[in-house]
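Reader: I would like to learn how to read the features of a structure of this kind. Please take me through them one at a time.

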Amino acid sequence: MWLTLFIAALAAFVVFKITLIRYRRRRYPEPHYDWSQINTDDVSFPQGFHWGTATAAHQVEGLLSNNWTIHEVDKGLEQSGQACDHWNRWKDDFQLLSDLGITSYRCSIEWSRLEPEQGVWDDEALQTYSAMIDELLARNIRPILTLHHFSHPHWWEAKGGFADKENIATFVQYCERVFEALSDRVDTWITINEPTVFSTMGYGLGIFPPGRRSPRLTLRVMRHLMLAHARVYRSLKTKRPEAQIGLAKNVTLFDPHNRWSPIDWPLSRLLEWFWNGAWRSGITKGKMLFTKIPEAKRSLDFVGLNYYTHVLTGLSIGSLRKLKFPKREQEVATEFGYPMYAEGLRRAIEFLAPMGVPIEITENGVADADDSLRPEHLKRHLWVLSQAMKDGYNVRSYHHWSLMDNFEWAEGYSMRFGLYHVDFETQERTLRASGELYKQIISSN
Ligand code: FCB
């Protein structure tokens with residue numbers, strides 16, 4: 001009798017496990033395509049679709065003094081220094097855009113240049129940004145301006161940056177000033193780049209400035225970023241209602257490394273909610289991380305999608321000090337460590353679609369110094385995008401990260417994301433084979 005009971009219990013357990021796994025597979029699928037069977041050249045994009053590249057001020061301009069330069073020194077990181085010397089070479093760099101056939105260019109404004117000390121404004125710097133806009137428009141390139149891409153003045157950091165709610169007012173004033181100067185020519189604006197990355201890397205993992213490791217601060221900064229975005233959105237919209245204002249969201253997918261594991265699965269659901277879900281609920285419901293932020297509700301005219309990878313979550317990920325990125329057997333690891341997973345672009349689009357606003361792909365690319373993976377990376381992602389658009393998803397643009405190799409934050413110059421190779425000794429730019437490929441794709445679409 002005990003034996004019968006034992007066998008029955010075992011059978012019930014196995015049936016329960018299988019049902020659970022099948023349920024998870026159906027509800028949270030992790031598709032993998034057989035790429036050998038897919039013709040990635042078979043893509044088509046509608047008239048008016050924008051082809052772009054993206055950069056950020058701190059990564060390309062050079063010779064800045066802001067929260068990042070302080071952090072670079074404090075933590076003994078590689079210093080951004082001259083970066084791509086883009087502040088002096090932007091005219092030539094815009095020729096590189098035209099050479100590729102680019103129709104949309106995403107770049108960012110460096111607050112620390114415009115207001116190096118609180119209340120002291122450098123109008124000449126604003127004039128330079130204004131001249132850049134004119135040059136882009138003369139080349140029939142649509143500018144998309146990001147107002148905050150990870151960097152800000154050190155005086156603002158010293159006052160607590162986004163960790164202190166009081167500081168949001170100064171941030172809004174800076175955004176208003178830029179908007180007043182440039183919105184007669186710039187229609188598309190991004191308030192904040194990757195709020196979850198900024199807060200988690202800066203206040204949770206301590207890898208970005210200000211190098212803190214505090215879960216409490218991380219949550220606080222996440223909420224303040226949402227509030228800051230919402231306030232900037234409301235203010236700019238009253239100045240010019242027809243402006244298109246959004247933010248750039250890094251949608252990283254979290255999949256259980258081991259689908260059988262009672263730890264990996266709930267952990268991946270939790271991270272998925274923290275990283276993506278909480279933020280979406282801020283915008284759709286005006287509620288984020290157990291706090292009401294009513295101003296945030298519907299504070300987007302479009303959503304910028306930065307897509308790079310999925311993270312296989314579980315015990316295998318290592319410690320918070322040393323993250324590891326496992327990969328599936330059929331996946332290729334990129335130089336950054338995480339796997340290439342183009343299938344996830346479709347999932348990221350599906351995740352954002354219920355927000356009911358158009359999607360602009362504001363970043364997608366790969367670190368690949370010898371350009372051996374980038375061509376395939378580009379083709380797969382564009383094929384996935386083309387399929388999604390055929391299925392009716394409203395995506396307006398694709399911006400490749402990045403135009404050229406640049407300062408990759410805590411990784412310094414070791415990670416090369418450019419369509420153009422940059423020799424940082426001579427500042428010479430050279431088109432890579434993937435850049436040539438992108439150019440061809442643009443011209444035939
Ligand atoms: C994104 C950042 C961008 C760049 C890419 C590789 O998270 O927004 O500045 O560093 O990663």
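Author: Let us begin with aromatic rings. In this predicted model, ring pairs join Trp68, Trp111, Phe150, Trp155, Trp156, Phe162, Phe171, Tyr174, Phe198, Tyr203, Phe208 and Trp409 into a cluster.

Reader: How many aromatic pairs does a search of the whole structure find?

Author: The search finds 36 aromatic pairs. One of them is formed by tyrosine 33 and tryptophan 383, with 6.0 Å from centre to centre and 80° between the planes. Planes over 60 degrees apart count as edge-to-face, and the pair of tyrosine 33 and tryptophan 383 is of that kind.

Reader: Where in the chain do tyrosine 33 and tryptophan 383 lie?

Author: Tyrosine 33 is in the loop between α1 (2-27) and β1 (50-54), whereas tryptophan 383 is in helix α13 (residues 374-390). The pair thus links distant parts of the chain, 350 residues apart.

Reader: Is tryptophan 383 buried or exposed?

Author: A residue is called buried when its relative accessible area is under 20%. Tryptophan 383 has 13% relative accessibility and therefore counts as buried. Tyrosine 33, with a relative accessible area of 28%, is partly exposed.

Reader: How should I read the pair of tryptophan 111 and tryptophan 156?

Author: The ring centres of tryptophan 111 and tryptophan 156 are 4.9 Å apart and the planes are at 55°, so this pair is tilted. Tryptophan 111 belongs to helix α5 (residues 111-114) and tryptophan 156 to helix α7 (residues 154-158), so the pair ties together parts that are 45 residues apart in sequence.

Reader: Let us turn to the nonpolar core. Which residues of the largest nonpolar core touch the most other members?

Author: A core of this type is a set of buried residues joined through side-chain atoms within 4.5 Å. The largest one here has 117 residues, of which Phe171, Leu305 and Leu385 touch the most other members. Helix α10 (residues 215-239) supplies the largest share of this core, eleven residues. There is also a second, separate core of eight residues, including Ala54, Ala56, Tyr308 and Phe417.

Reader: Which residues does leucine 305 touch, not counting residues up to four places away in sequence?

Author: Among them are Lys249, Val251, Leu345, Ala348, Ile349 and Leu352. Leucine 305 also touches Ile359, Glu360, Ile361, Thr362 and Glu363.

Reader: What distances separate oxygen atoms of the ligand from side-chain atoms of asparagine 193 and glutamate 194?

Author: Polar contacts are pairs of N or O atoms within 3.5 Å. An N or O atom in the side chain of asparagine 193 is 3.0 Å from a ligand oxygen atom, and for glutamate 194 the distance is 2.5 Å. In glutamate 363, a polar side-chain atom lies 2.9 Å from an oxygen atom of the ligand. The ligand on its own has 300 Å² of accessible area, and the protein covers 93% of it.

Terms used. Residues are numbered from 1 along each chain as its sequence is written. This is a predicted model: local features need pLDDT of at least 70, side-chain atom pairs count only at pLDDT 80 or more; totals for chains, interfaces and linings use all residues. Side-chain values use heavy atoms; hydrogens and water are left out. Buried means under 20% relative accessible area, exposed over 50%, partly exposed in between (1.4 Å probe, protein chains only). Helices (H or I, at least four residues) and strands (E, at least two) are DSSP runs, numbered from the N terminus. Contact means heavy atoms within 4.5 Å. A polar contact is a pair of N or O atoms within 3.5 Å; within protein, one must be able to donate a hydrogen and the other to accept it, and residues adjacent in sequence count only if both atoms are side-chain atoms. Accessible areas come from the Shrake-Rupley method with a 1.4 Å probe; for residues, only the protein chains shown count as cover. Rings of Phe, Tyr and Trp (its six-membered ring) pair if their centres lie within 6.5 Å; planes under 30 degrees apart count as stacked, over 60 as edge-to-face and the rest as tilted.
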